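Notebook open, model on screen. I'm jotting down what I look up as I go, helix pairs to begin with and then domains and ligand.

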Amino acid sequence: MDLSLTADPPSPPTAAREGVWLTCIECGAAFPPFDDVRYTCDDCGGLLEVGYANPPSLADAAGTGVWRYAGALPLDGGVTIQEGGTPLYRVPDLAEDVGVETLRIKHEGMNPTGSFKDRGMTVGVAVARELGVERLACASTGNTSAALAAYGSRAGMETLVLLPAGKVAAGKVAQASLHGARILEVDGNFDACLDLVQALADRGEAYLLNSLNPFRLEGQKTIGLEIVERFRADHGTVPDRIVLPVGNAGNTAALYKAVRELVWAGDLAVDDVPKLTGVQAEGAAPMVEAIEAGADAVRRWDEVETRATAIRIGNPVNAPKALPGIRETGGTAVAVSDTEITDAQRDLAESGIGVEPASAASLAGLRKLRADGVVGSDEEVVCLTTGHLLKDPDAAAAAGTDPEPVPVDLDGVLDHLLT
Ligand SMILES: *Cc1c(COP(=O)(O)O)cnc(C)c1O
Ligand SMILES: [Zn+2]
């Protein structure tokens with residue numbers, strides 16, 4: 001299939017049901033959306049994406065949150081906890097400091113469970129219900145498990161999450177636990193957890209809700225739709241660039257699909273499409289390596305390390321969708337150090353925006369690209385912050401100021417404050 005930005009919208013194959021189908025991005029094979037459980041192409045194993053007979057248009061948007069864009073989603077409604085509709089904060093001081101014309105922060109930490117994963121789950125869990133499956137599962141660096149646990153529980157379904165032992169931030173494990181997921185701690189990294197859960201799903205033991213699942217990415221498209229609508233209303237244009245942290249590259253793939261469909265619908269000119277710009281941590285940067293090398297595929301990194309645990313991923317499964325997205329929009333990818341990530345986390349906090357480390361990678365990457373002259377001073381930029389500060393309290397406390405012990409009397413406190 002042609003993943004270029006200028007390609008024509010696909011016409012409905014015979015596999016379409018009520019104008020919706022699944023297509024393989026590698027060989028173009030088409031499948032009915034809900035007849036069977038399927039994550040990848042039956043014929044070649046390629047990634048699948050959802051097709052629509054009517055290219056989704058912003059003109060059909062009505063209501064609030066993710067389901068405001070039901071016309072761009074495979075079902076009319078989902079298992080909802082009022083996800084989406086997140087703020088697009090103005091940060092004039094930060095814009096000046098970084099040296100760009102406009103900077104807005106799309107804070108996905110303001111979703112119900114504190115990350116953008118909720119947007120994918122409201123759709124994905126509804127599809128699971130449509131398919132009639134009983135048990136849901138995912139591998140996770142934390143936030144996917146928190147979202148799956150909450151949405152699965154709300155849908156009354158059993159949830160199973162596989163986490164890399166000792167590498168998941170405290171807030172996320174607490175969420176998965178309280179929402180009632182069965183938590184399997186794996187003595188390996190995220191990529192090993194994903195291999196395992198895929199094997200379980202292939203054996204029919206559970207329905208897989210990682211971002212390999214094409215329906216989840218449909219929900220995550222709404223980040224892009226919200227940015228375009230809000231930015232246009234406020235500035236009369238769309239942003240020149242959207243900068244986002246990259247782990248499995250699901251969000252990068254989803255944002256690209258959002259803008260491709262807006263181009264098909266006539267809602268966005270090809271020349272106006274924001275440059276998708278991915279940021280990874282230096283210790284886990286296979287996408288950056290592939291973009292810099294001009295490679296068609298990523299090389300799996302077996303050893304990955306970063307404080308930004310949500311993007312501690314060495315084998316980004318959505319690379320075949322995300323690499324064309326970055327290239328076709330004229331974007332790029334950049335790696336940042338853990339120190340740069342923590343500095344950006346402090347910068348955002350100074351503007352009142354509390355994010356977990358992985359989220360701050362977007363701002364850190366923008367700073368770096370601006371300093372290198374890749375991003376111009378005239379650019380209007382949106383940085384995506386993917387998860388809330390409270391997800392990783394240890395990282396926040398380590399980056400913040402230390403408490404000061406004082407005695408329990410006024411004179412003692414005054415003495416402490418004034419000397
Ligand atoms: C999942 C996640 C990411 C990575 O997103 P991908 O779609 O896998 O690239 C980044 N930041 C946070 C906070 C996340 O939870
Ligand atoms: Zn195929």
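In which hand does α2 pass α3? I looked, and the crossing is right-handed. A reminder to myself before going on: this is a predicted model.

**Entry: α2 and α3**

I took α2 as residues 117–131 and α3 as residues 143–154, and their axes come within 9 Å and cross at roughly 40°. The two helices are therefore oblique to each other. On the α2 side I noted Lys117, Asp118, Met121, Thr122 and Val125. Facing them from α3 are Asn143, Thr144, Ala147, Leu148, Tyr151 and Gly152. Sorted by class, this contact has 5 nonpolar, 4 polar and 2 charged residues.

**Entry: α2 and α6**

I stayed with α2 and turned to its packing against α6. Here the angle is about 145° and the axes are 7 Å apart. I checked the hand of this one too, and α2 passes α6 in a right-handed crossing. From α2, the residues I listed are Arg119, Gly120, Thr122, Val123, Gly124 and Val127. They meet Phe215, Arg216, Leu217, Glu218, Gly219, Gln220, Thr222 and Ile223 of α6. My class tally for the contact of α2 with α6 reads 5 nonpolar, 6 polar and 3 charged.

How is the protein chain divided? I find domain 1 written in two pieces, 88–114 + 215–399, and domain 2 as 117–208. Their C-alpha centres lie 24 Å apart. Across the boundary, 27 residues of domain 1 are in contact with 23 residues of domain 2.

Then I asked myself which helices each supply at least two residues of the side of domain 1 that touches domain 2. I got α6 (214–235) and α12 (393–399). The most comes from α6, with 8 residues. By class, that side of domain 1 divides into 10 nonpolar, 10 polar and 7 charged residues.

**Entry: ligand 1**

I counted 18 residues around ligand 1, and the ones that come nearest are Asn143, Gly247, Gly250, Thr386 and Gly387. Two elements give two or more residues to this shell, namely α7 (250–264) and α11 (357–371). The shell has 6 nonpolar, 10 polar and 2 charged residues.

**Entry: α8 and α9**

Last pair for today. I set α8 at residues 286–293 and α9 at residues 319–328, and found that their axes come within 11 Å and cross at roughly 50°. That makes α8 oblique to α9. What is the hand of the crossing where α8 passes α9? I have it as right-handed. The contact is made by Met287, Ala290 and Ile291 of α8, with Ala319, Ala322, Leu323 and Ile326 on the α9 side. For classes I wrote down 7 nonpolar, no polar and no charged residues.

Notes. Residues are numbered from 1 along each chain as its sequence is written. Chains are lettered from A and ligands numbered from 1 in the order in which they are written. This is a predicted model: local features need pLDDT of at least 70, side-chain atom pairs count only at pLDDT 80 or more; totals for chains, interfaces and linings use all residues. Domain bounds come from an automatic or database domain assignment. Two residues are in contact if their C-beta atoms, placed from the backbone, lie within 7 Å. Helices (H or I, at least four residues) and strands (E, at least two) are DSSP runs, numbered from the N terminus. Ala, Val, Leu, Ile, Met, Phe, Trp, Tyr, Cys and Pro count as nonpolar, Asp, Glu, Lys and Arg as charged, and the others, Gly among them, as polar. A residue is near a molecule or strand if its C-beta atom, placed from the backbone, lies within 6 Å of it. Axes are lines fitted to C-alpha atoms, for helices over the stretch in contact, and angles run from 0 to 180 degrees between N-to-C directions. Angles under 35 degrees count as roughly parallel, over 145 as roughly antiparallel, 65 to 115 as roughly perpendicular and the rest as oblique. A crossing is left-handed if the near helix is turned anticlockwise from the far one by less than a right angle, and right-handed if clockwise.
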